[in-house]
Amino acid sequence: LRTCSLASQMAPLWGEPLLLAAQILSARGNVPAATVLAQQALFRSPQDVYLAAAAAEIPGVDIELLSDAERGQLWDLVEKIQSIRPMEPRTLPLLIEFLARRGHAPLAEKKLGAVLAGEEGLPEPTVLRLAQISRNFDLGQTDACYAYASRSFGSTPNLALEQALAAYADGDGQRGLDLLSGAAKAAGEGPDWKYAIAQYLERSGSADAASAWSDYVASVEPKKALVLTRVLESEAAWENAALIDSSINALKEVTGESDFTWRIARARWLLQNDPSEKAAAEAVVLLQDSSTAAGFLDIKQYSLIATALERIGNLEAALSQLQTAVRLAPKNNSVRLDLARISHARGDIPGAYDQLAAILANGQASDRAFHAVSAILAAQEGLYAAAIEQLSASKPKRGDTLSADLLLAELYRMNGDFPNAQAVAKTLIEDNTSMAEVTFALDLFGSLGRMDEAKAAFDVLGQLRLGT
């Protein structure tokens, strides 16, 4: 990023350094900041079709997340590129998706059919993206896309993975796994196939996903940064603390002391596996060392450092980090949930409810997040039984960052259901991952005269504070 910035300053009419910086940010999940840089690159090089197509890819990753105005701008850009260079491979899928989204499914189907029947070769990622669009919008060309890919590229891990995921989406996950495993076995089950299997098991919610990621890492020697980074980006792999620990150490050896990827991962590992203030302070240092002059590369880093700062009692700094993240990614509901929680902890009740209202307005909240928000809003009106019913209706899923146990215990207490409140509070002491949760348990058991349980909570709280 520093090199891109320097090149951009030395050649202010050259758009490519800004585009490269945008692609780096996009790859790290910071799509809003990446989109701004891509627009600046386009302003510098408005006639460069290659640059324009690459710039369109960045916000086009998920059209659903764009506002109406942003979709309109992207459509204008895609249409311009396709008029200058028909069949341009990065914007062709966007063109067909836009047609389908705008109520022109027959035209999208016809266009896709003509593309597949044409003589101009398309790269495999484009063909598989077209297959996804055909499946998502019922364009009837999915199998034709698979046939095109098979003729052009043979049986590849990417093609087999896409076909397996299609079977899973149709409700037959076992057939998807059998299809992928069979293709892998026929091809010799190399590392690329093990990577495809790990992805499928994770995306299909299999309990074997973490083990598959471990098999993938073991299949590659010597260790490569790309392989280790893929593991660290997998939510399922994080269920295996030993695998993540060894992957972080290996990545540090491969990339060096100053690399930010292993530092971010180590900070997350500390926060997930060590509830002490000492570990939180170490995580803060690691994350601060991985920041840039413009802030963090990855939106998730703001949430990580906010969690670490909260654990060491610096709520103001935690709040500031989350506010920055929300400005960069206003539709990120996970960040808004954390912001609502910390605002509530600071006594800013209106601010907390503003964030909850924004989550509901954004839509696309996870099932657990939606039920938690609904429960909080019901509790605000004094409807505690309804709030408990809302929260109890949701089940935690892999990747959920929201712990709803404290909220549930508080609701039971407010509703006068002390047996259930105590039952949940005991689990809060046993899990001992949050000072706020253990403090609630201490207060609950102390107020009820349950001194043995209060003493247990007090001891855990002391361990959290001392970092022992």
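This is a predicted model: local features need pLDDT of at least 70, side-chain atom pairs count only at pLDDT 80 or more; totals for chains, interfaces and linings use all residues.

Biologist: In which helix do D338 and R341 both lie?

Modeller: The two residues are 3 residues apart, which is about one turn of the helix. D338 has a relative accessible area of 13% and is therefore buried, whereas R341, with 36%, is partly exposed. The helix that holds both of them spans residues 333-345 and is α20.

Biologist: How many salt bridges does the count come to?

Modeller: A pair is counted if a side-chain nitrogen of Lys or Arg is within 4 Å of a carboxyl oxygen of Asp or Glu. The pair of R268 and E235, with its closest N and O atoms 2.8 Å apart, meets that rule. By this rule, the count of salt bridges comes to 16.

Biologist: How many residues apart in sequence are the parts that R268 and E235 tie together?

Modeller: R268 counts as buried at 18% relative accessibility, while E235 is partly exposed with a relative accessible area of 26%. R268 lies in helix α16 (residues 260-273) and E235 in the loop between α14 (225-232) and α15 (241-255), so the distance in sequence between the parts they tie together is 33 residues.

Biologist: Over the ring of which residue does the charged end of R268 sit?

Modeller: There is another arginine to set beside it, R266, which lies over the face of W269 at 5.1 Å from the ring centre. The charged end of R268, for its part, is 4.0 Å from the centre of a ring, and that ring belongs to W238.

Biologist: Turning to the aromatic rings, why is the pair of W75 and F98 edge-to-face rather than stacked?

Modeller: A search of the whole structure finds 5 aromatic pairs, and W75 with F98 is among them. Planes over 60 degrees apart count as edge-to-face, whereas planes under 30 degrees apart count as stacked. The ring centres of W75 and F98 are 5.5 Å apart and their planes stand at 65°, so the pair is edge-to-face.

Biologist: Which helices does this pair link?

Modeller: W75 and F98 are 23 residues apart, and the pair links distant parts of the chain. Both W75 and F98 are buried. W75 belongs to the helix of residues 68-84 and F98 to that of residues 92-101, so the names asked for are α5 and α6.

Biologist: Which residues do ring pairs link into a cluster?

Modeller: Y195 and W213 form an edge-to-face pair, at 5.9 Å centre to centre and with 65° between the planes. This pair joins helix α12 (residues 191-203), which holds Y195, to helix α13 (residues 209-218), which holds W213, across 18 residues. W213 counts as buried at 3% relative accessibility. The cluster linked by ring pairs consists of Y195, W213 and Y216.

Biologist: Is D138 buried or exposed?

Modeller: D138 lies in the loop between α8 (124-136) and α9 (142-153), and it has a positive phi of about 50° although it is not a glycine. M87, in the loop between α5 and α6, likewise is not a glycine and has a positive phi, of about 75°, but M87 counts as buried at 13% relative accessibility. D138 has a relative accessibility of 66% and therefore counts as exposed.

Technical notes:
Residues are numbered from 1 along each chain as its sequence is written. Side-chain values use heavy atoms; hydrogens and water are left out. Rings of Phe, Tyr and Trp (its six-membered ring) pair if their centres lie within 6.5 Å; planes under 30 degrees apart count as stacked, over 60 as edge-to-face and the rest as tilted. Helices (H or I, at least four residues) and strands (E, at least two) are DSSP runs, numbered from the N terminus. Buried means under 20% relative accessible area, exposed over 50%, partly exposed in between (1.4 Å probe, protein chains only). A charge sits over a ring if NZ of Lys or CZ of Arg is within 6 Å of the ring centre and within 35 degrees of the ring normal.
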